[in-house]
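I opened this notebook to record, entry by entry, what I looked up in one protein model and what came back. The sequence and the structure come first, and my notes follow them.

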Amino acid sequence: METVHFTQQTFRSLMECFSRPGDQQRLEPSQEITGLYSATVSACLTLLDGEVSFYVANECPVIQSEIRAWTGAKLVSVDLADFIIISADCSEQQAQHALQHSKVGNLIDPQLSATILYEMTDHIGNVVHLQGPGIQHTKAVQLNVPEQWLQLREMKNNEFPLGIDVLLINSNSDIIALPRTTKIQEVKQSWHT
């Protein structure tokens with residue numbers, strides 16, 4: 001598929017996810033970067049360019065250099081990054097550190113916050129109940145994200161309009177968006193392997 005059409009299609013899928021939190025979209029694969037899901041690479045190629053910055057939570061040099069080469073985005077420290085990539089092989093501590101130090105914007109410019117691309121694994125399953133814009137009442141969704149990380153996300157978003165936006169990505173190229181306006185009402189652990 002031609003690059004322009006690919007990024008347009010990917011961008012539409014990402015915007016659809018953000019307008020309907022909890023709904024899944026599937027991203028088409030594009031380039032490969034060792035250590036990242038193909039959908040994560042597709043999202044990076046669509047969202048990152050020379051005007052934005054990024055941080056890779058496990059600080060993998062291969063991922064860092066490949067993203068820089070493909071997108072032209074600037075590699076910065078976690079507290080300055082516009083986009084934070086948490087790959088599936090990150091430790092829980094690395095994932096929590098990235099979230100704790102992510103920027104939330106300020107009252108004059110709340111858009112100067114981080115968007116987190118979080119690769120979900122198959123090890124943890126929590127059923128969460130989401131509420132907020134784009135959801136009629138509540139929506140139950142299974143997310144393979146540690147409960148502690150979800151609680152930390154809620155704390156980062158407790159002073160609207162400040163906060164972070166999250167894209168959750170699985171190995172099957174499915175994505176789910178959790179904008180800062182989406183509240184997690186309840187978490188029930190459904191399984192753990």
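**Entry 1: the model.** Before anything else I noted that this is a predicted model, and I read every value below with that in mind.

**Entry 2: helix H3.** I began with the helix that spans residues 61-71, H3, and asked which of its residues are buried. The list I got back is Ile63, Gln64, Ile67 and Thr71. Looking down the axis of H3, I found that these buried residues fall within an arc of 100°, so they line one face of the helix. On the other side of H3 I noted Pro61 and Ala69, which are exposed.

**Entry 3: the largest pocket.** For the largest pocket I recorded a volume of about 230 Å³. Its lining is made up of eleven residues, and those that lie nearest the pocket's centre are Thr3, Phe6, Ser30, Gln31 and Leu45. When I asked which elements give two or more residues to this lining, the answer was helix H1 (3-19) and H3, and H1 gives the most, with three residues. Sorting the lining of the largest pocket by class, I counted six nonpolar and five polar residues, with no charged residues.

**Entry 4: the second largest pocket.** I put the space in the second largest pocket at about 170 Å³. It is lined by 14 residues, and the ones closest to its centre are Ala88, Cys90, Tyr118, Thr121 and Pro146. Here the elements that give two or more residues to the lining are helix H4 (92-100) and strand E5 (115-119). By class, I have seven nonpolar, five polar and two charged residues in the lining of this second largest pocket, whereas the lining of the largest pocket has no charged residues.

**Entry 5: cysteines.** How many disulfides does the structure hold? I found zero. For Cys44, which is in no disulfide, the nearest cysteine sulfur is that of Cys90, 13 Å away. Cys44 is also buried, with a relative accessible area of 3%. For Cys60, I looked up the closest cysteine sulfur, which is again in Cys90, and at 9.3 Å the separation is too far for a bond; the cut-off I applied to a pair of sulfur atoms is 2.5 Å.

**Entry 6: two serines.** I placed Ser42 in helix H2, where this residue is buried with a relative accessible area of 0%. Leaving aside its neighbours within four places in sequence, I listed Phe6, Thr10, Leu27, Glu28, Pro29 and Ser30 as being in contact with Ser42; Phe6 and Ser30 had already come up among the residues nearest the centre of the largest pocket. Next I turned to Ser102, which I located in the loop between H4 and E5. Is Ser102 buried or exposed? It is buried, with a relative accessible area of 5%. Not counting residues up to four places away in sequence, Ser102 touches Val78, Ile84, Ala114, Ile116, Lys156 and Ile164.

**Entry 7: backbone angles.** I kept in mind that most residues other than glycine have a negative phi, and that most peptide bonds are trans. Against that background I noted Glu59, which has a positive phi of about 55° although it is not a glycine. I found Glu59 in the loop between E2 and H3, and at 48% relative accessibility this residue counts as partly exposed. Ser173 is another such entry, with a positive phi near 75° in a residue other than glycine. Its place is in the loop between E8 and strand E9 (174-178), and Ser173 is buried, with a relative accessible area of 9%. Last, I checked the peptide bond from Phe160 to Pro161, which is cis, with omega near 15°. I placed Pro161 in the loop between helix H5 (147-156) and strand E8 (165-169).

Definitions and conventions:
Residues are numbered from 1 along each chain as its sequence is written. This is a predicted model: local features need pLDDT of at least 70, side-chain atom pairs count only at pLDDT 80 or more; totals for chains, interfaces and linings use all residues. Side-chain values use heavy atoms; hydrogens and water are left out. Buried means under 20% relative accessible area, exposed over 50%, partly exposed in between (1.4 Å probe, protein chains only). Helices (H or I, at least four residues) and strands (E, at least two) are DSSP runs, numbered from the N terminus. The arc is that of the directions from the helix axis to the C-beta atoms. On a 1 Å grid over the protein atoms alone, a cavity is a set of points where a 1.4 Å probe fits but cannot get out, and a pocket is an open set with protein on both sides within 12 Å along at least five of seven lines; lining residues have an atom within 4 Å of a point. Grid points are joined across faces, edges and corners, and a volume is the space filled by probe spheres set on the points. Ala, Val, Leu, Ile, Met, Phe, Trp, Tyr, Cys and Pro count as nonpolar, Asp, Glu, Lys and Arg as charged, and the others, Gly among them, as polar. Contact means heavy atoms within 4.5 Å.
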